[in-house]
Amino acid sequence: MLVDGFGRVVTNLRISVTDRCNLRCTYCMPAEPEWMPRADILSFEEIGRLVRVAVSLGITDFRLTGGEPTSRKDLPALVRSIADVPGVKDLALTTNGILLSRLAAPLREAGLHRLNVSLDTLKGEKFVHIARRDGFRSVWEGLEAAEKAGFRPLKINMVVMRGVNDDEVVDFAGLARERDWRLRFIEFMPLDGDGLWSRNQVVPGREILDRIHARWPLDLSASGPLRDPARVYRFLDGRGDVGVIASVSEPFCGSCDRVRVTPDGKLRTCLFSTWETDLKGPMRAGASDAEVAALVRGAVARKEAGHGINRDDFVKPGRTMHAIGG
């Protein structure tokens, strides 16, 4: 098992397969990002090797992220290679959905278990404002293709920003009642590319729940494993549930079971880490699997107690979300 200095067992690895994206969401990246050189990005073979090393250390759950992971050429081939690794129990993907209309079925056939789709508004014109690209119709077509391919229930991630899209919280909750979708409301975090994040733009999870509860009463006792970032609340009439990821107002760091690898092969023990452990360099220099595993163990032993957003000495990471892996 991988156990950190606070007794938390790490079983979840998020792997960012690219920093590139076909959107430019304001909460994730600058309007004009500088992409990593392609030679710096982990190859499929290197990602597969890291998965096998991770499994040997007790990690069982994997999620592919970006940037936009579906923009990586031949992604279903990578999914298939990971799904075939003995010991991989769960393989998920987070995507903006733009390319799902043609990729949902191949990803499902390749062995992808679960799918999270990021969608921050139900209004086409507001989509352009947030994403700085026009893609609302493509995302919706992707959601329908994902359902048809058998991804049920779908998870929808909405980053809630005050004065931008918080007026749509109840509308999104309605989707959880109308369709077999699980809505996850995410507090706005300080990882934007333009440095515009401020606390007054954060809509606390409790406020989100209050707004929904006023329209459709919820069972306000949260369910689900404590290690899951989302606290889940069921509608009292039994018609679905909603989840809140309150990373800012109610951090879940004490039960965190995850680490992540950036597109260029750096291991980060927290989304907000100010340090990284290079895995790609040693692998390309000929390090053995045992040596790579030792690097992972050493990093996990140093895993932070928490992200520190609410401390006076909080330091924002040098990378934005798209370069870390969402």
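The legends below describe close-up views of a predicted model.

**View 1. The largest cavity and its lining.**
By the rule used here, the model has one cavity of 30 Å³ or more. The largest cavity has a volume of about 80 Å³. Its lining is made up of L13, L50, V53, A54, L57, I59, V259, V261, L267, L279 and V296. Two elements, α1 (44-56) and β11 (258-261), each give two or more residues to this lining. The largest share comes from α1, with three residues. Sorted by type, the lining residues are eleven nonpolar, no polar and no charged.

**View 2. Helices α6 and α7 where they pack.**
Helix α6 covers residues 169-178 and helix α7 covers residues 205-215. The two pack at an angle of about 65 degrees, and their axes are 9 Å apart. The crossing of α6 past α7 is right-handed. On the α6 side, the residues in contact are V169, V170 and A173. On the α7 side, they are I208, R211, I212 and R215. The residues of this contact divide into five nonpolar, no polar and two charged.

**View 3. I309, a loop residue.**
I309 sits in the loop between α9 (289-301) and α10 (321-324). Is I309 buried or exposed? I309 counts as buried because its relative accessibility is 1%, and buried means under 20%. Not counting residues up to four places away in sequence, I309 touches P190, W197, R199, S247, V248, F272 and F314. V164 is 145 residues from I309 along the chain, and the C-alpha atoms of these two residues are separated by 22 Å.

D257 is found in the loop between β10 (241-245) and β11, and β11 is the strand of residues 258-261. D257 counts as buried because its relative accessibility is 4%. Which residues does D257 contact, leaving aside neighbours within four places in sequence? They are V9, V10, T11, N12 and R227.

**View 4. E34, a loop residue.**
E34 belongs to the loop between β3 (12-16) and α1. With a relative accessible area of 75%, E34 is exposed, because exposed means over 50%. Along the chain, E34 and A323 are 289 residues apart, while their C-alpha atoms are separated by 9.7 Å.

**View 5. The cis peptide bond from R152 to P153.**
The peptide bond from R152 to P153 is cis. Its omega is near -10 degrees. P153 lies in the loop between α5 (136-149) and β7 (154-160).

What is the phi of D74? The value is positive, about 65 degrees, although D74 is not a glycine. D74 is placed in the loop between β4 (61-65) and α2 (75-83). D74 counts as partly exposed because its relative accessibility is 48%, which falls between the 20% and 50% limits. R132, also a residue other than glycine, has a positive phi near 55 degrees. R132 is part of the loop between α4 (124-131) and α5. At 24% relative accessibility, R132 counts as partly exposed.

How values were computed: Residues numbered from 1 in each chain as written. Predicted model: local features only at pLDDT ≥ 70, side-chain atom pairs only at ≥ 80, totals over all residues. Heavy atoms only, no water. 1 Å grid on protein atoms, 1.4 Å probe; cavity = no way out; pocket = protein on both sides within 12 Å on 5 of 7 lines; lining within 4 Å. Points joined across faces, edges and corners; volume = space filled by probe spheres on them. Helix = DSSP H or I, 4+ residues; strand = E, 2+ residues; numbered from the N terminus. Nonpolar A, V, L, I, M, F, W, Y, C, P; charged D, E, K, R; others polar. Buried < 20%, exposed > 50% of the residue type's maximum accessible area, 1.4 Å probe, protein only. Contact = heavy atoms within 4.5 Å. Axes fitted to C-alpha atoms, helices over the stretch in contact; angles between N-to-C directions. Left-handed = near helix turned anticlockwise from the far one by under 90°.
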